[in-house]
Every structure is written in structure tokens, then in C-alpha cells.
Amino acid sequence: MKENWKIETQAVQGSYTPKPTEPRIPAICQSTTFKYSSADHVAKLFDLDLADHMYSRISNPTNEALEGKIALLEGGVGALATSSGQAAISGAILNICQTGQHIVTASTLYGGTYSLFANTFPKMGIEVTFVDPEADMIELRKAFRPETRCLFGETIGNPNLNVLDFAKFSTLAKEMDVPLLIDNTFATPYLCKPLEHGADIVVHSTTKYFDGHATSLGGIIVDGGIFNWNNGKFPELTEADPSYHGLKYSEKFGSAAYIVKARVQYMRDLGCCAAPQNSFLIDHGLTTLPLRMERHSSNAQAMAEYLEQHPAVSRVNYPGLKSHLSHSLASKYLPKGCSGVMTFEIKGGQEAGKKFMEACQLIALVIHVADARSGVLHPASTTHRQLSAEQQRSAGVDPGMIRISIGIEHVDDLIADVDQALIISQS
Ligand SMILES: Cc1ncc(COP(=O)(O)O)c(C=O)c1O
């Protein structure tokens, strides 16, 4: 029944349902451990014959409330909360990919993800091929190898802001018989639900719009439950796991095999679990997600239109603008708005950009995006600083580019702040 609710209702009441006299909102369960009445009960938990809580690294009631809500919002069969977005991305891939294997990814990525794929995964023996998401199918097919285990992309690239062509990417993933993994952090399920457009697994940095108030690090992996793991490529899901006395995840857990394995094997062993206090705050943030995404998107649209006609601005990059390369994809996949992040270039290059950022008063110079408060940043010298000039180009980061994360303040005040800072930038 909850599946039929509108997303506004799901975001408020979609998971935790208290019984009479129980707390109205999910309590923060700080306990790492849980009590049982019999040794048999505990043995059943360890054999995965029961799904009760065992130890908070593997599951915890507060994390569970958040996981249930996000699985519902994205339309998945289950979810696993992690300590950060980076932990969700690495975990989502390492759950099905190991040394000697390979992944294909759109090159337009958040800097931390780019670095994980370009530097850390290769050190672990996982090779990564970066593809231009605008390339045609013939070109994209060339990136795949027999040992390729997934295709990865961001719904809205950070900070390139290209909108992923889901039809093309999901067709490609199906053709290659590998799952499509999508980082839906910038869009959120309010603006786009990748599982409805052919994705198989969705990840988020819940640190961003889900929290929405810059209070808590977190990440999540959502399993669509659609991908057929019995295609010979994923023995870790279809063949016996010696660490569970020969249990086969796909046989025992069916469509939830991937997310159960992520929890009981990957999380058990790697341990990058969510902190219950953070899950509590992120769940709070989620209750207003639809309202905030509406305001972030309408504010950003107005700001982009204002900047586009400003004489001190040479280029504005926001998929809601008709001039944007991804505008038709945005109309198709983001009909309710294009989220709150945009980039632009000021006349006068990097020096003018520096003056602009330092002159902003309401919009703060911060690393973070997706907060209720507006922020500004220079990606080339910060989030994407560790990338080479060529890697920055492939991620869509220009040297003079400024990124603004538009908050939910009144748009008139935000435009007034940008207006005065633009005047100073040109002086
Ligand atoms: C699109 C995207 N994915 C993943 C991450 C990483 O998330 P976290 O900082 O929570 O580890 C970020 C961080 O900015 C991001 O913007």
C-alpha cells in the first residue's frame, strides 16, 4: 500500500510505523548489541535463517528505518545504509566485482568517485574504462570486455551537469548483460527514479539533499531486485559462499540476493556501516525532501536564467536552460526540475572568479553542495584538484568554472547577492 502513496507521503511516513505508545518518530538506537533468549535463536541469525538484528555493523533499528524509507522512495527491494556516499559507491561495486575484473563508467563524475575509479580500484586490480556519455553506441560498446561487471553513471553529473541518457545506457547494460549502477545523488528520487529508467542498482551520498542540512555523512545502496545474476558472471551471488557454510544468495534470497549479500558479507567484512545518529538526522531531512527539491529547482532555474543574460557572465551550465546540451534529456528524465546545482564562467577568468566567490555574502564559500543554505566553490582547485588537467577535462571541469549550489532561501535575496558580487568581480 505504501508503494502506491505519492512520494510526498512516502518521504514523511514511508517506513517506520509506531504501535500505540511507541515513539512517533524512529528513536536513535545507539545500542551495538541485542539480547536473545536462546542459543538456537542466535545460531539461526548467524545462519541467515532469521532476519532480526544481530550487531549494529550489520543492521540497526534506526538504520533500518532509513533504509526502508529510501528503498520505498527509489522503488527498490531493499537498501543498505553506509558511512558515506563514497562507501556506498565502493561497496556497490565491490559487492560484485573483484581483482582481474573491469567496470565501464561515464567520465562525468564527482571528483572523489573519479579518483576512486582512476587510482584506487586499479591498485586493487579492478580496471576502469571511462567513456564519454555523449558517445554513440558503437563507440560505447568498444569499452566492454568479457570481464566487465557493471556500467556506472551519475543521473546529473557533478559538476558537469549533463543528464544521463538512461535509454542509451540501460540498453547498453542489457546488451552487455551487466547491471547499470546509478549515482542519483543530485537528482534524488523526487526528480528522477533511475530504477524506472532501466537502472539496476542506485547509490546516493545521503550527505547531500537527503540530509539537506549539512549535518551528517552517509550513503546508501538501493537494490532494484531486477537484474538476473544467474548469467554466469556473478558466482559470488549464485555459487556457495564458504563464509556462510555454502549458502547461495540468489537461491536463498531471490530478487534481494544482491542487497542481502552486501549487508551480510560485504558490510560484515568491510564494516563501513552508517552511524545510527546520522541515519536519524538523514531520515529527518528526508521528510522535507520533496518540498526542498521543488524550491532548490525553482530557485536554480531563476538564477540560471538571470545569469544567462548577465553581461559579466560568459557561459551558464544548467540543464533547465534551453541552451543546455542536456536540455531535452532533462525534459524527459527530470520533468519536475533540474535540482539546485549550476556552474558558470565569469568574464575575466580565474581571477574574476576568485573575486566573485570572496564577494558573495549570503552564498558561502564551502566545499559542500545540496544544503538548504546556498554555497559556492571553484571545482578545479578543490573537489577535482587531485585530478590531472586531462582528467578534469574528461570530468567536465573547466579551469575558470564556478559551481553554485542554490539553497532554499528567497531567490530575490540570492540574485541580489550574486548581482553585487558580479559587479565586484569585474572591478
Ligand atoms: C554525486 C556524488 N556522489 C558521491 C559523493 C560522495 O559522497 P560522500 O561525501 O557522502 O562520501 C559526492 C560528494 O560530494 C557526490 O557529489
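**Close-up views of a predicted model**

**Figure 1. Ala 364 stands opposite Gly 375 of strand 11.** The model shown here and in the other views is predicted. Strand 10 and strand 11 (residues 375–377) run parallel and are joined by two bridges. Both belong to an open sheet of five strands with mixed pairing, ordered 8-9-12-11-10. Strand 8 (313–317) and strand 10 (364–365) are the edge strands of this sheet, each pairing on one side only. Strands of a sheet pair through backbone hydrogen bonds, in parallel or antiparallel fashion.

**Figure 2. The largest nonpolar core contains 120 residues.** Helix 11 (residues 257–270) contributes the largest share of this core, eight residues. The core is drawn from both parts of the chain, with at least three residues from each of domain 1 (2–286) and domain 2 (289–425). Ile 221 and Met 342 have the most contacts inside the core. In soluble globular proteins, nonpolar side chains tend to be buried together.

**Figure 3. Surroundings of Met 342.** Neighbours within four places in sequence are left aside in this view. Met 342 is then in contact with Leu 161, and also with Ala 300, Met 303 and Ala 304.

**Figure 4. Where domain 1 touches domain 2.** The protein chain is divided into domain 1 (2–286) and domain 2 (289–425). The centres of the two domains, taken over C-alpha atoms, are separated by 28 Å. Contacts link 35 residues of domain 1 with 35 residues of domain 2. On the domain 1 side, at least two residues each come from helix 1 (7–13), helix 5 (111–123), helix 8 (188–191) and helix 12 (276–286). Helix 5 gives the most to that side, with four residues. By class, the side of domain 1 that touches domain 2 has 20 nonpolar, 12 polar and three charged residues.

Figure 5. Along the principal axes, the C-alpha atoms fill a box of roughly 75 × 55 × 35 Å. Of the 427 residues, 52% are buried. Among contacts with a separation of 6 or more, 74% are between residues 24 or more positions apart.

Key: Residues numbered from 1 in each chain as written. Predicted model: local features only at pLDDT ≥ 70, side-chain atom pairs only at ≥ 80, totals over all residues. Core = buried A, V, L, I, M, F, W, Y, C linked by C-beta atoms within 7 Å. Buried ≥ 20, exposed ≤ 12 C-beta atoms within 10 Å, placed from the backbone. Domains from an automatic or database assignment. Contact = placed C-beta atoms within 7 Å. Nonpolar A, V, L, I, M, F, W, Y, C, P; charged D, E, K, R; others polar. Pairing = 2+ DSSP bridges.
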